[in-house]
Amino acid sequence: MMAVLRGLTLLALIFSLFSCYVTPSSATSDGFLQCLWAKIPSQLIYTQSSSNFTDVLASSIRNPRFFTNATVRPLCIVTPADASHVQSAVLCGRAHGVRLRVRSGGHDYEGLSYRSEQAEVFAVVDLANLRGITVGSDEPAPTAWVESGATIGELYYAIAKSNPGLAFPAGVCPTIGVGGHFAGGGIGMMMRRFGLSIDKVVDAKLVNADGALVDRVAMGEDLFWAIRGGGGQSFGIVVSWKVSLVAVPPTVTVFNIAKTLDQGAIDVLTKWQSVAPTLPSDINMRAIVQGREAIFQSLYLGTCADLLPTMRTFFPELNVTAGDCREMSWLQSATFINFGVVDPPELLLNRTTSLGTFVKNKSDYVRRAISKGAWQKIYAWLSMDGAGLLILEPHGGFIGTIPAGATPYPHRSGVLYNIQYITFWGGGGDGGSAARGWISSFYDFMGQYVTKNPREAYVNYRDLDIGENAVVNDVSTFDGGKVWGEKYFGAANFERLARVKGAVDPTDYFRNEQSVPPLL
């Protein structure tokens, strides 16, 4: 297959040299806009002069860090109502040298789906109108088609309302867009039992760099491999995904148990590291570490009566009792984990954004348990000015049975858990200097306890601090991309991603600060 890809690479490169496409450095914004208006209904296009341009731009911005007067904003926003509109946007962009950034839910942690770090002419394709969900009734393997602009909350709701016995493994936050979530892997509360979201993707429809709409057969297995975990905005625009659904019992059990330092939080957390990744796979128990406590949040696919003996056997230190359990449906659990209530499930459909809180995130992976003494030092950091929190997501179970190269997500066998670092600040005063300083220094401190060579990171917790692309002759370099790419994907996966990129987009049209560079 790679030999075929190399041949396609040469053909694509020859074609690019003799085509009518120009490079983005000679962008003609007027021509691009005229091209869009000729191909796409004008009410779906918002230019900077449109009265509601700012409202549309802000409609799914989740972090006010990237909505300031200094933010580099798009030339226009295209809100396609059909895959053909996405094709037209790509063709117009290629013809007039205007690159596209793609937004589904707006949760890119560095805002790269709607802004640029450098001054450049670009447009945003906002997929919010492409949010259709069709749940099939195929037996014995039910599936669903979901468009990239849908949120995972909308996906959960549509599946459960179609059949309460079915579900899908994906993230916790219901406003995350399917397109970006699937593109980076998709960790969540059922991943130990069923895997990541990408482990259940069986087909997709993508608009490639030539503006063609292709499915799995037409795109080929190498490109299909790359889009399932290789990060968004590198290989094309995925407009829809076909996913396998999973069976869930009528009753699931959730608990939230907090332990303060005075109640032995450090001892319990130290033990959690060896327990959580090795529990039966139908139990997922993550830990939220903040201030002077740790909260242990669990989803079990079964009843409380069945859960308690297992917890007593594997984790007596947590002292889970019947009074800690909340039994509910799977759909209610998705609502409860987010909102603290089980009803109404329509809460999962709310796409409203808030620009009141500034946020910075980073990530790590742990393959070797952190000692009790180290946790004591970590809690000292959590009492500092500007301190945020840690979310620890256990791996193991089904995730660990899949080879590191089966998908671009390499953090499989041997991973105990993922760490997400989060810090918050308000909009006034010093611009969050204490919070920013804390997360940067704390991340440096944690380097001694996490994976090394590379220091692994999760692409869906995008972090430009770990590296940005170097662009030479208008193409991102492979060596520049390795700095950050091997942390997200591992060396072998990153090289394979770059070779796929070189085959399908050799001129690097789909590009951002951390897009996969083409390796020709």
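**View 1. Strands S1 and S2 side by side.** In this predicted model, S1 and S2 (residues 76-78) pair in the antiparallel sense over 3 bridges; strands are DSSP runs of E with at least two residues, numbered from the N terminus, and two strands pair if DSSP finds at least two bridges between them. Look for Thr-47, which stands opposite Cys-76 in S2. Residues are numbered from 1 along each chain as its sequence is written.

**View 2. The open sheet.** Here 4 strands form an open sheet with mixed pairing, in the order S1-S2-S4-S3. S1 (45-47) and S3 (99-103) stand at the edges with a single partner strand each, so one side of each has no neighbour in the sheet.

**View 3. Helices H15 and H16 meet.** Helices are DSSP runs of H or I with at least four residues. H15 (residues 478-489) and H16 (residues 491-504) pack at an angle of about 130°, their axes 8 Å apart; axes are lines fitted to C-alpha atoms, for helices over the stretch in contact, and angles run from 0 to 180 degrees between N-to-C directions.

**View 4. Confidence along the chain.** The mean pLDDT (the predictor's confidence in each residue, from 0 to 100) is 93, and 94% of the residues reach 70 or more. Over residues 1-27, the pLDDT is below 50.

Definitions and conventions:
Predicted model: local features only at pLDDT ≥ 70, side-chain atom pairs only at ≥ 80, totals over all residues. Heavy atoms only, no water. Contact = heavy atoms within 4.5 Å.
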